[in-house]
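Please consider the sequence and coordinates shown here.

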Amino acid sequence: MERINKIKKIVIIILAIILILITLVSIILCIYSKNKLKRAKIQDENIVFFGDSIIKGYNVKEFFEDNHVVNDGVGGNKTIDLIERLEGLYDYNPSLVIILIGTNDINANISDENIINNIEKIIDGIRNERKNAYIYIQSIYPINKEMGDFFNNLPSEYNNKHIIKVNKLIKQL
């Protein structure tokens, strides 16, 4: 039984690494294709990762060593927290903002409508203050309840069906 648990943990770690790599590749493609013309106009480009503990866990300097990259992830943050932290985001003068938020909102049983409204406020705030900045909203990551006690103790509303529903709403933004 212990060996099976070790194998499960290894598989989960590998899947997490694959998710992070897929995210980083899509970000790189986004930067390359969408920023190509804008690069000539913007000086001191900064890429800002903005979000919760998942963002905080990214070792952005390792993957973006030749760029100006800021990790502005804060554990436990919800969408309302990002709204409150927007002024600090502007200080980085971002040309690209990568946002991952919503996991803690779902866990706190915040309504889908409030989550989406708050994400819209974040987008609007960035667009108003940094008109030339590109904004990349990541989908909320799915969960694997077989991963252990942490995921088993989540509220029943925190499930992949709910995450898929919120992600569809995010995609419409």
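The structure is a predicted model. Nine helices and four strands make up the secondary structure of the protein chain. The protein chain has 173 residues, and 39% of them count as buried. Its accessible surface comes to about 10600 Å², with carbon and sulfur atoms accounting for 55% of that area. When contacts between residues at least 6 apart in sequence are considered, 67% of them join residues at least 24 apart.

Attention now turns to the charged side chains. The count of salt bridges in the model comes to two. One of them pairs Arg85 with Asp72, and the closest N and O atoms of this pair are 2.8 Å apart. The two partners come from distant parts of the chain, although 13 residues separate them: Asp72 belongs to strand S2 (residues 69–73), whereas Arg85 sits in the loop between helix H4 (79–84) and helix H5 (86–90). Arg85 and Asp72 are both buried.

The other salt bridge brings together the side chains of Asp112 and Lys165, with an N to O distance of 3.2 Å. Here the link is between two helices, since Asp112 lies in helix H7 (residues 112–129) and Lys165 in helix H9 (residues 160–171), 53 residues apart. How do Asp112 and Lys165 stand in terms of burial: buried or exposed, or partly exposed? Asp112 has a relative accessible area of 13% and is therefore buried, the cut-off for that class being under 20%. Lys165, at 49% relative accessibility, counts as partly exposed, because the exposed class begins over 50%.

The protein chain has a mean pLDDT of 83, and 79% of its residues reach 70 or more. Confidence is highest in helix H4, at 98, and lowest in helix H8 (residues 149–152), where the mean is 63. Over residues 35–43 pLDDT stays under 50, and for this segment the model has 12 contacts beyond four places in sequence. Where pLDDT is low, predicted coordinates should not be read in detail.

Technical notes:
Residues are numbered from 1 along each chain as its sequence is written. This is a predicted model: local features need pLDDT of at least 70, side-chain atom pairs count only at pLDDT 80 or more; totals for chains, interfaces and linings use all residues. Side-chain values use heavy atoms; hydrogens and water are left out. Buried means under 20% relative accessible area, exposed over 50%, partly exposed in between (1.4 Å probe, protein chains only). Contact means heavy atoms within 4.5 Å. Accessible areas come from the Shrake-Rupley method with a 1.4 Å probe; for residues, only the protein chains shown count as cover. A salt bridge is a side-chain nitrogen of Lys or Arg within 4 Å of a carboxyl oxygen of Asp or Glu. pLDDT is the predictor's confidence in each residue, from 0 to 100.
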